[in-house]
Every structure is written in structure tokens, then in C-alpha cells.
Amino acid sequence: MAHLSEMQATVAVKADISKRHLPDKQDHEASLDSMLGGLEQELQDLGIATVPKGHCASCRKPIAGKMIHALGQSWHPEHFVCTHCKEEIGSSPFFERNGLAYCPKDYHQLFSPRCAYCAAPILDKVLTAMNQTWHPEHFFCSHCGEVFGEEGFHEKDKKPYCRKDFLAMFSPKCGGCNRPVLENYLSAMDNVWHPECFVCRDCFSSFSTGSFFELDGRPFCELHYHHRRGTLCYGCGQPITGRCISAMGHRFHPEHFVCAFCLTQLSKGIFREQNDKTYCQSCFNKLFSL
């Protein structure tokens, strides 16, 4: 026992010297191995048997004290370290990859998927969309910034958009109301239209026959098309599609260019005017001659 006391004193002296000199890690490990070896030998000299618990997977030397069981092997606690940063893991949580141990920080930096928005490692829930990975809170509409709900998203030029903004920004616009055309539509005049918006721009009647007249890029019914063009008969108010007579700043069907009194057609174009009305020469003389 006296010899054991001397041995403990020797170990204490060596430990005290190591604290004073602050050797580097390699010298410390070599000194520690020497001390453990000497302690084991002196215990055997005293008749105290030491039974190794196994061999360290790192240094291949016997483990006589505390040990770590990990990755199907045994380790000295100080030898079970992160493969990347070499910091001691000990009994702390770790990640395994290809049979190697990594501390959580290095594992996520090296192997975890990265968010396509912030480029940081994704540690918890991961969202996969557009062939990329995202933090769920970072996958949002490129225009309004709102996180997508049950409606999902639409993609344009490799950017995600909510339905509302996608339709407002990229859907074809109605030629009548300029709102997005989502479902049923008509194609006319190099444009698309809501069916209820494709109407005469003056009377707002729909084109039940399927025919319409275009003027300045807008659709009109026949009556208002001719009204805009000044080709309505001044006599009957209907469109003129064939021969016409121009008189007194108006246009007439030939058959409607008549004497206002006797209603005889002024076929030769000879007439007299009074109070914005046309008269044949005979009626004019009867009615207005002095």
C-alpha cells in the first residue's frame, strides 16, 4: 500500500508538472499514455489485475477507464471526435455518414439540403418544389410575398406565384374589361374576350348572328357601325350598303331621296331645299313662290 501511495504521489506530481508547462495536445496524449501504461504496470506489480474493456477504434490501444460505444465500436472518450472539425464529441449527439461521425453543425453544413431562397442548411422540415428544396416559410409568392396555401402555386420564368398574382400578371386580358380571362372566352380581332364582354360598344347588344363590324379595334353592330361612319340613310335611318346620294350634308338611299311634299323620287338629283327639306321644282314653286 505504501508503494501504491508513492505511485499516486508520482502521478500527482506529473499532473502538476503538466499543468505548469501546458504541453500541446500530442505531447499531452503521449504523456497520458505513458502514465496509464506505468499505472497499469505498477498495479500488476502489486497483484491487482487490470482487464481492458476493449481497444479504441482510433488509437487501437486498450481502454481501461471510461469508454464510448458508437458506430459499432469502442472509443476513448477523447478519441471519439468529429471527422470534419476534430472536436471531441464524447457523449453528445452526433450524425453518422458512410461510417463516420460528425458533430451536428458540420453535418448540416456539409450534407443537409439547402434552401433555394436563403441558401442556409435546412435543419427540420423541408419543402421540395421546382426541383429545389426550401424552408417552408421561405417558399412564397415572388410578387406579393404570401406563403402558399391550399391553392398551391404557379410557375413562370422559374419563379413561383400565387394564383391571384399569376392570373393578374400573366393571363390574357379581356379586350372588353381588361380583366384576366380564366375559362370560356371568344377570340376576335386578334384578342380574347369574356363572352359577356364581346358586345357592341355603343348599344351593348350581343352579336346573336355571330357577325359584327370592326372600327378602330372595337366591335359594333351594323347600325352603330354605319352611324359612326356617317353612312346611315337620312331618310329611313337604316344603313346604306350600296348606292347612295349625298345632299345637304347627309346621305340617302336613292329611293329615299324624295320630295318632302309629293314624295316623288328625285331621281335626277335636281331638287330645291327649304328648311332642311328637299322638294321637287314643281312642289317648291307651288309652296314657296310669291
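Hi everyone, let me start with the largest nonpolar core: among its 14 residues, Cys174, Trp193, Phe198, Cys200, Phe207 and Phe220 touch the most other members. By nonpolar core I mean a set of buried Ala, Val, Leu, Ile, Met, Phe, Trp, Tyr and Cys residues joined through side-chain atoms within 4.5 Å. Buried is under 20% relative accessible area, exposed is over 50%, and partly exposed is in between, with a 1.4 Å probe and protein chains only.

A quick word on the model: it is predicted, with local features needing pLDDT of at least 70, side-chain atom pairs counting only at pLDDT 80 or more, and totals for chains, interfaces and linings using all residues. Residues are numbered from 1 along each chain as its sequence is written, and side-chain values use heavy atoms, leaving out hydrogens and water.

Back to Cys174. Setting aside residues up to four places away in sequence, Cys174 touches Arg179, Val181, Val192, Trp193, His194 and Cys197; contact here means heavy atoms within 4.5 Å. There is also a second, separate core of 12 residues, including Cys115, Phe139, Cys162 and Leu167.

Is Cys200 buried or exposed? Cys200 counts as buried because its relative accessibility is 0%. Cys203, at 34%, counts as partly exposed.

Lastly, Glu155: leaving out neighbours within four places in sequence, Glu155 is in contact with Met130 and Phe166. At 45% relative accessibility, Glu155 counts as partly exposed.
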